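Here is a short briefing on a predicted model. Please read it alongside the sequence and the coordinates.

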Amino acid sequence: MGHRTSFPDRTLPSFEEAEGLGAQDAPFVRDLVAVLDKHGNLDRFGLCLLHDHFPLAADEVLVETHDTAARTLHVQVEKAATSDHTRPSQWRFVKTGDGDDEAAGSQVCQVILQCTPVSGCPGSTSAAP
């Protein structure tokens with residue numbers, strides 16, 4: 001099951017304070033596109049602006065649901081331990097040590113948003129074609 005891991009030393013800016021992509025980011029984006037393409041993930045992953053609208057407790061997670069008929073997307077807070085929304089859909093990178101051990105590799109990303117195929121997430125039997 002996906003879960004939110006708390007990293008208190010890595011707070012996110014508010015949406016108003018977060019800086020979006022700009023012309024100065026072109027070299028970074030080109031490098032990222034090259035890495036994604038090299039690993040066959042160009043059509044699998046993209047970018048999102050990391051930001052907070054409100055604080056989450058360590059035992060909470062943001063969950064995404066949508067209504068395909070109404071074409072609406074909803075995000076809400078749920079308790080991680082009792083949420084049925086178990087498919088991570090957004091992550092943030094976590095800086096790890098220089099080691100290549102599996103323990104470090106398992107913590108390279110933090111789940112920040114999750115959903116479930118039952119709610120209409122991509123791949124769901126209830127999702128619109």
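**Helix α1 and its end**

Helices (H or I, at least four residues) and strands (E, at least two) are DSSP runs, numbered from the N terminus. The model is predicted: local features need pLDDT of at least 70, side-chain atom pairs count only at pLDDT 80 or more, and totals for chains, interfaces and linings use all residues. Residues are numbered from 1 along each chain as its sequence is written, and side-chain values use heavy atoms, with hydrogens and water left out.

**Helix length**
- Helix α1 covers residues 26-38, 13 residues in total.
- The expected span is 1.5 Å times one less than the number of residues.
- That gives 18 Å for α1, and its end C-alpha atoms are 18 Å apart, which agrees.

**Exposure**
- Leu32 lies in helix α1.
- Leu32 is partly exposed because its relative accessible area is 22% (buried is under 20%, exposed over 50%, partly exposed in between; 1.4 Å probe, protein chains only).
- Leu32 and Gly46 are 14 residues apart in sequence but 9.3 Å apart in space, C-alpha to C-alpha.
- Leu21 sits in the segment before α1.
- Leu21 is exposed, since its relative accessible area is 59%.

**Hairpin**
- Strands β1 (residues 60-67) and β2 (residues 72-79) run antiparallel, joined by eight bridges.
- Two strands pair if DSSP finds at least two bridges between them.
- Glu64 stands opposite Val75 in β2.
- Four residues separate the strands of this hairpin, and Arg71 takes a positive phi near 55°.
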